[in-house]
Every structure is written in structure tokens, then in C-alpha cells.
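Me: I would like to go through this structure with you. Could we start with how confident the model is?

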Amino acid sequence: MNKNLILDTDSYKASHFQMLPEDMDGATYYLEARAGGAYRRTVFFGLQYLLKEYFSEPITMEDVIEAEAFFTAHGEPFPLEGWKRIVNLHKGFLPLEIKAVPEGTVVECGNVLMTVDTTDPELPWLPGWVETKL
């Protein structure tokens with residue numbers, strides 16, 4: 001089974017790196033259970049599984065090449081230099097900081113469950129790229 005994490009995002013996110021201001025060096029993304037649905041509270045769980053299953057293996061140059069071919073074949077831009085930076089500078093591991101409430105916590109809807117930040121100021125688009133998976 002192919003676990004190329006680069007391919008596991010919403011296709012429109014491939015263009016986001018072009019939309020950010022040139023001097024942008026970070027962004028914080030967050031996850032919440034939106035208020036207004038059938039339930040007032042949610043139980044936060046599953047983050048440790050996702051991190052172990054999908055984020056514990058390094059991105060390879062083969063993953064980058066496969067993803068570049070996929071996105072360009074679909075007419076989407078691709079942040080090739082950014083992904084190469086992840087492989088070369090970060091040894092394939094995503095330079096992200098994820099903070100979350102403890103798994104199993106019951107949280108009122110409308111509150112932040114998890115935040116995602118990049119630790120590399122050259123990659124402000126990266127938290128948005130993985131938002132879909134998380």
C-alpha cells in the first residue's frame with residue numbers, strides 16, 4: 001500500500017504556497033468540532049494513531065517525484081523546492097509542531113482541539129497541507 005503522505009491532501013491545497021505573502025514565515029492551523037450541530041461536546045481521539053501510522057516514516061525523494069508528477073498532470077502547481085527542503089534538510093520528517101488536548105478529553109464544541117505550526121519559516125504552507133489528513 002502506498003502511503004505517500006504528500007498525495008493525501010485536498011488538491012486545491014497544492015496551490016496555496018503561491019498565494020501566501022513572500023515574507024510570511026508561519027501560520028497556525030487549528031482543528032475544532034464546530035458548534036451548532038446535534039451534539040454540544042465531542043471526544044478528542046485518534047491523533048496518536050494518525051501520527052504513528054502516517055507521520056512517523058520520512059518523506060523520500062521518490063515520494064516527492066511521484067507527487068510532483070501527480071499534481072502537474074492534474075494542472076496543479078507543486079511546491080517542489082519546499083518538499084525537497086523537507087527531504088534534504090529535515091531528513092524527510094515534517095517540521096511541524098502539533099499541540100492537542102489529551103486524547104479521550106471531552107471538549108465543548110467550538111473550542112480548539114489541536115493546533116499545527118511549522119517549525120521551518122521557509123514552509124508556512126505546510127500546516128495547511130497536512131490539515132486534511134489530521
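Reply: This is a predicted model. Within the protein, confidence is highest in α4, at 98, and lowest in helix α1 (residues 16–19), at a mean of 92. The average pLDDT of the protein is 94, and 99% of the residues score at least 70.

Me: Let us look at α4, then. Which residues of helix α4 are buried?

Reply: Helix α4 covers residues 80–89, and its buried residues are G82, W83, I86 and V87. Viewed down the helix axis, these buried residues fall within an arc of 140 degrees, so they line one face of α4.

Me: What do the buried residues of α4 pack against?

Reply: They pack against α3 (61–73) and α5 (126–131).

Me: And which residues are exposed on the other side of α4?

Reply: E81 and N88 are exposed there. E81 has a relative accessible area of 55%. The side chain of E81 also meets that of K84 in a salt bridge, at 3.6 Å from N to O.

Me: How are K84 and E81 placed in the helix?

Reply: They are 3 residues apart in α4, which means that about one helical turn separates them. An α-helix has 3.6 residues a turn, so residues three or four places apart point the same way. K84 counts as partly exposed, at 28% relative accessibility.

Me: What about the backbone just after α4?

Reply: K91 takes a positive phi there, of about 55 degrees.

Me: Changing topic: how many salt bridges are found in the whole structure?

Reply: The search finds 7. One of them joins D8 and K133, whose closest N and O atoms are 2.6 Å apart. That pair links distant parts of the chain, with D8 in the segment before α1 and K133 in the segment after α5, 125 residues apart.

Me: Which residue forms a salt bridge with R41?

Reply: R41 pairs with E108, the closest N and O atoms being 3.9 Å apart. This pair connects strand β2 (residues 41–43), which holds R41, to strand β4, which holds E108, across 67 residues. There is also a network of salt bridges that links D10, K13 and E131.

Me: Last one: which residues form the nonpolar patch on the surface?

Reply: V43, F45 and V106 form it, with about 320 Å² of accessible area together. V106 lies in strand β4 (residues 106–108) and is exposed, with a relative accessible area of 52%.

Definitions and conventions
Residues numbered from 1 in each chain as written. Predicted model: local features only at pLDDT ≥ 70, side-chain atom pairs only at ≥ 80, totals over all residues. Heavy atoms only, no water. Buried < 20%, exposed > 50% of the residue type's maximum accessible area, 1.4 Å probe, protein only. Helix = DSSP H or I, 4+ residues; strand = E, 2+ residues; numbered from the N terminus. Arc of directions from axis to C-beta. Contact = heavy atoms within 4.5 Å. Patch = residues over 30% accessible without salt bridge, like charges linked within 9 Å, V, L, I, M, F, W, Y side chains within 5 Å. Areas by Shrake-Rupley, 256 points an atom, 1.4 Å probe, with all protein chains shown as cover. Salt bridge = Lys/Arg side-chain N within 4 Å of Asp/Glu carboxyl O. pLDDT = per-residue confidence, 0-100.
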